[in-house]
Amino acid sequence: EILTRLLVSGSRNRLLYKRLLESEEEYRDLVENASDMVIVMYRDGIIRDCNKVFIECLLLETDPCGLYMSSFITEDKLEAYNEVWQKLLLGEEVRNIDLSLIKSDGTSIIAELSGNVRTLPDGQVSKIRLYLRDLTERIEVERRQRELELELNLMQERQLAQVGLYVTGIAHNL
């Protein structure tokens with residue numbers, strides 16, 4: 001009877017372990033194939049894990065795990081990041097905060113940050129998850145659109161001014 005129980009227990013444990021591995025594989029696949037940057041951090045602000053999009057967007061040559069996330073924030077946005085960080089440490093969720101991140105070549109990108117926390121049963125924050133979307137291209141496209149609209153308006157004003165000159169010339173001749 002004891003042997004039977006041990007076999008059943010071992011079989012159950014093996015099945016649970018297999019499910020756990022499958023679940024981890026699905027999680028890893030989801031995070032790695034996300035189009036946004038995903039970062040998991042400890043309470044002290046050190047990066048625990050990140051996906052390949054984060055590494056590629058910032059042109060990093062090595063895995064940033066073990067580094068502080070704040071080292072990737074531009075100086076002008078560091079105060080905003082610290083405010084976000086304090087909210088996250090309190091267990092609050094944050095959404096759509098604009099930040100600038102420093103790439104390894106010294107240039108920067110504009111990213112929209114959202115984040116949430118995982119808490120322990122006692123309510124303490126155990127892990128912090130950040131989701132960053134690169135907005136650099138979209139902002140550049142919007143800037144170009146505004147410039148084109150301004151040029152179009154300027155061209156229309158010039159045309160109206162030219163018509164005004166013609167009308168004035170005709171009126172003068174009359």
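Strands β4 (residues 108-119) and β5 (residues 125-134) run antiparallel and are joined by nine bridges. Strands here are DSSP runs of E, at least two residues long, helices are runs of H or I of at least four residues, and both are numbered from the N terminus. This is a predicted model: local features need pLDDT of at least 70, side-chain atom pairs count only at pLDDT 80 or more, and totals for chains, interfaces and linings use all residues. Residues are numbered from 1 along each chain as its sequence is written, and side-chain values use heavy atoms, with hydrogens and water left out.

**Sheet**
- N116 has R129 in β5 as its bridge partner.
- Five strands form an open, antiparallel sheet, ordered β2-β1-β5-β4-β3; strands pair if DSSP finds at least two bridges between them.
- β2 (47-50) and β3 (94-102) are the edge strands, each with a single partner, so one side of each has no neighbour in the sheet.

- L7 lies in helix α1 (residues 2-32).
- L7 counts as exposed because its relative accessibility is 58% (exposed is over 50%, buried under 20%, partly exposed in between; 1.4 Å probe, protein chains only).

**Loop residue T74**
- T74 sits in the loop between α2 (52-57) and α3 (78-89).
- T74 is buried, at 10% relative accessible area.
- Beyond its neighbours within four places in sequence, T74 is in contact with S100, L101, I102 and S108 (contact means heavy atoms within 4.5 Å).
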